[in-house]
Amino acid sequence: MLASPMPRGDEKRLTPQDEDFSAWYNELVLRAELADRGPVRGTMVMRPYGYRIWELLQGELDARIKATGHENAYFPLFIPESYLHREAEHVEGFAPELAVVTHAGGKDLEERLVVRPTSETVIGEMFAKWIESHRDLPLLINQWANVVRWELRPRLFLRTTEFLWQEGHTAHATEAEARAETATALGFYSEVARDVGALAVVAGDKTASERFAGAVTTMTIEALMRDGRALQAATSHFLGTNFARAFDITFTSEAGVLEHCQTTSWGMSTRMIGGLIMGHGDDKGLVLPPRLAPIQVVVVPIGRDAERAEVVARAEALAGELRAGGVRVRVDDRAHLSPGAKFNEWEQKGVPVRLELGPRDLAAGVATVAERLGEGKVAVALDEVVATMPERLAAFQQALLARSTAFLADRTAPAASLAELAVAVGRGFASILHCGRVECEDTVKEATTATPRCVPHDAPDEEGPCAICGQPSAYGRRVLFARAY
RNA sequence: CGGGGAGUAGCGCAGCUUGGUUAGCGCGCCUGCUUUGGGAGCAGGAGGCCGCGGGUUCGAAUCCCGCCUCCCCGACCA
């Protein structure tokens, strides 16, 4: 047509990732009906389709948490402001982003209440009350809750003012046991990310500058988004006796000595959903791993008038058989939309498998199968479709993880200088020898906006000069840097 | 909080520079008929405090002042 300033006319298309990754993300979250913006800046409404993903994720993580002896409990939303002040680093870390209640019940409060940004302090207070003897340890508690952090730059799922998460809090008699606990928790996260979310992650330790406020050490899993930026997907903290000393969490040991507990905390949030979107999505929309897909299989009946009734009935029957086999399936029998419109809609929503069922299929006793990864369609005998669906979904899950793993590997490059690092962080992780000094991290950040993401647990031993300053490397292995969300 | 951009129908936008009939277009939505294997067609229809407040003017979506919100880029962060 004419090159006049007409409306784009392709409103149905998603902005391509290459053109504007942020726009792609924002449009997709809205259009796939995962979430919407709330009336208060930075807040998010999780819509049913998005919330279902969270429920599935929750189910997987909760099962692992419970299987290892942790118990769920619930602590209050409001925390006396003074609690935050008891741990110096902790209050310093969170002060800027606290929401504080100053007025309630029609009058000013004697003591201001903070809306929890995390619950170390209240839980510490309660632990102090509950723990007396080594016989009370370890105390293994988890809570599912909302928390509030007044972020300056909100982004749906990735950084919202209020978000949902799980926070584990444990107390132990020995440092070794507490450290082992943080590794166990990180194991939940790695497993959920990889095996359930099909998302490749790097597990490692945070450098001092990236550590949780009040922690001795922080472990993390870092994922790589399709634009080459890293996302911290979950963290696990060894708190030493920092909170035990601040809240007087003590126990009498077997030897009769009064000691401070060693505590941990660890969390995974709704941010993980943002990671799944940006880690797997493409220009057509979401790509959901079957284990987290609210709808694993969509059946699209195709046919007009007389054919329609029969085709829909057969689609329902097929769906019933799949459901009986434990598959989450939906029949899209909306009459006012063309098949093509439905194909595009379900692809945008990331449904792993689509079954097309039309007169031609029925005549041949097959369903036309299209998978969200890959282009083609294949005809598969109806009984076989049902019988093989679990393995088809499992294969999809594996293929998605394999793709994510290959992507992460391909986009991780060693660098021996700031210039090489700059190139590497342009597409993903830069792996460098690092002296461990904040000065060098700052140099990198200023030059490239990249930050240290983690010291990977599975990296081989290696020493040498720091890629930035040339001084001897720390950590005994390479450190990953990237631009991060 | 600094720099940039934008607020007009559910969504995407035009109109504003140079004030002037009833504020348009695409998509979506509703009704009817025809359609159905990759974003259907025709006909009819509904839907607007033009972000908010003030000012200028006979008259403001349009000009002026103030405020608010959203988006993008930075500093802070799960």
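Strand S10 (residues 217-224) and strand S11 (residues 230-240) run antiparallel to each other and are joined over eight bridges, and within this pairing Thr218 has His237 of S11 as its bridge partner. Strands here are DSSP runs of E with at least two residues, helices are runs of H or I with at least four, and both are numbered from the N terminus; two strands count as paired if DSSP finds at least two bridges between them. The model is a predicted one, in which local features need pLDDT of at least 70 and side-chain atom pairs count only at pLDDT 80 or more, while totals for chains, interfaces and linings use all residues. Residues are numbered from 1 along each chain as its sequence is written, chains are lettered from A and ligands numbered from 1 in the order in which they are written, and side-chain values use heavy atoms, leaving out hydrogens and water.

The two strands belong to an open sheet of eleven strands with mixed pairing, in the order S3-S7-S8-S14-S11-S10-S9-S22-S23-S21-S20. At its edges stand strand S3 (71-72) and strand S20 (412-414), each with a single partner strand, so one side of each has no neighbour in the sheet.

We can turn next to contacts between charged side chains. A salt bridge is a side-chain nitrogen of Lys or Arg within 4 Å of a carboxyl oxygen of Asp or Glu, and a search of the whole structure finds 27 of them. One joins Glu222 and Arg453, whose closest N and O atoms are 3.3 Å apart; because Glu222 lies in strand S10 and Arg453 in strand S22, the pair ties together parts that are 231 residues apart in sequence. Both Glu222 and Arg453 are buried, where buried means under 20% relative accessible area, exposed means over 50%, and partly exposed lies in between (1.4 Å probe, protein chains only). Another salt bridge links Arg31 and Glu27 (3.7 Å, N to O), and these two residues are four apart in helix H1, which means that about one helical turn separates them.

The backbone, too, has features that deserve attention. Most residues other than glycine have a negative phi, and most peptide bonds are trans. Yet a cis peptide bond, with omega about -5°, joins Leu137 and Pro138, and Pro138 lies in the loop between helix H5 (120-130) and strand S7 (139-148). Asp248, which is not a glycine, has a positive phi of about 60°; this residue sits in the loop between helix H7 (242-247) and strand S12 (250-252).
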